[in-house]
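I opened my notebook to record, entry by entry, what I looked up. The sequence and the model come first, and my notes follow.

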Amino acid sequence: MFPDDQLLPISALQHLIFCERQCALIHVERLWAENVFTVEGNQLHEKAHDGSREVVDGTRVARSLWLHSRKLGMIGQADVVEFHPDGRVVPVEYKRGKPKKDDSDRVQICTQAMCLEEMLDVKIELGHLYYGKRKRRTEVRLDSSLREKTLDTITRLRAMIDARETPIAVRQPKCDNCSLIELCLPDSQRLKTGANAWTDRQLNLATTGSLPETDPFEFT
Ligand code: SF4
């Protein structure tokens with residue numbers, strides 16, 4: 001059982017799945033920056049996070065509900081939790097865009113469901129993801145394989161936070177969509193390669209007195 005001061009944010013799981021370095025920059029180094037995607041996401045969440053409670057066709061609907069699990073060591077806020085008259089409890093998460101290729105949204109909703117299971121002593125079979133672009137819900141079955149993946153991701157997250165190590169940047173196409181690109185500087189790794197190449201060139205020049213036919217540093 002994890003004490004209050006060791007609970008980790010559920011949102012960090014998504015960051016970890018998207019990019020381990022992004023996760024460490026945010027949750028170890030405490031850096032943050034917005035881009036158009038994060039702002040759109042925030043706007044969508046603001047609509048769901050009005051804190052209201054209402055009953056719709058017999059279903060109690062709670063918005064911006066705080067969840068936690070001491071067994072998992074996780075804490076976060078659900079956009080919506082539905083309490084159906086037949087006893088079903090269904091978490092619903094709002095997302096911008098469309099379903100992602102990775103499992104980050106599914107892992108997030110699964111973690112929320114596992115928190116609710118511990119808090120309410122219930123079993124939850126399904127969650128829902130609402131995508132702004134599709135404007136409809138996608139059902140997420142909380143089966144054993146998703147639960148295993150979720151537990152594995154939580155274990156990896158805690159190991160990273162405990163180690164307090166930020167992985168080096170690896171330039172990938174998804175970096176262009178990352179709000180932290182200006183803080184992460186993934187292209188600096190190319191510069192590192194360039195520095196290594198520069199050292200090799202100077203050593204070669206000192207020992208052989210010649211330069212390769214095509215010298216990448218010919219501007220010098
Ligand atoms: S810019 Fe790329 S490497 Fe850096 S944090 Fe973002 S996704 Fe990860």
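Which residues of helix 5 are buried? I found that they are Thr-150, Thr-153, Ile-154, Leu-157 and Met-160, where a residue is called buried if 20 or more other C-beta atoms lie within 10 Å of its own, exposed if 12 or fewer, and partly exposed in between, with C-beta atoms placed from the backbone. They cover an arc of only 130° around the axis, which puts them on the same side of helix 5; the arc is that of the directions from the helix axis to the C-beta atoms.

I noted before going on that this is a predicted model, in which local features need pLDDT of at least 70 and side-chain atom pairs count only at pLDDT 80 or more, while totals for chains, interfaces and linings use all residues. Residues are numbered from 1 along each chain as its sequence is written.

I then looked at the other side of helix 5, where the exposed residues include Ser-144, Glu-148, Asp-152 and Asp-162. The cover over the buried residues of helix 5 includes strand 1 (8-9), helix 1, helix 2, strand 4 and helix 4; helices (H or I, at least four residues) and strands (E, at least two) are DSSP runs, numbered from the N terminus.

I checked the length of helix 5 too: at 1.5 Å a residue its 20 residues should span 28 Å, and the end C-alpha atoms are 28 Å apart, which agrees. The expected span is 1.5 Å times one less than the number of residues. Just after helix 5, Arg-164 has a positive phi of about 50°.

Next I looked up the largest nonpolar core, which has 37 residues; such a core is a set of buried Ala, Val, Leu, Ile, Met, Phe, Trp, Tyr and Cys residues joined through C-beta atoms within 7 Å. Helix 4 gives the most to this core, with seven residues. Ala-113, one of the residues with the most contacts inside the core, touches Pro-91, Ile-124, Gly-127 and Leu-142, not counting residues up to four places away in sequence, and two residues are in contact if their C-beta atoms, placed from the backbone, lie within 7 Å.

My last entry concerns the ligand: of the 14 residues around it, Cys-19, Gln-22, Cys-175, Cys-178 and Cys-184 come nearest, a residue being near if its C-beta atom, placed from the backbone, lies within 6 Å. Helix 2 supplies the largest share of this shell, three residues.
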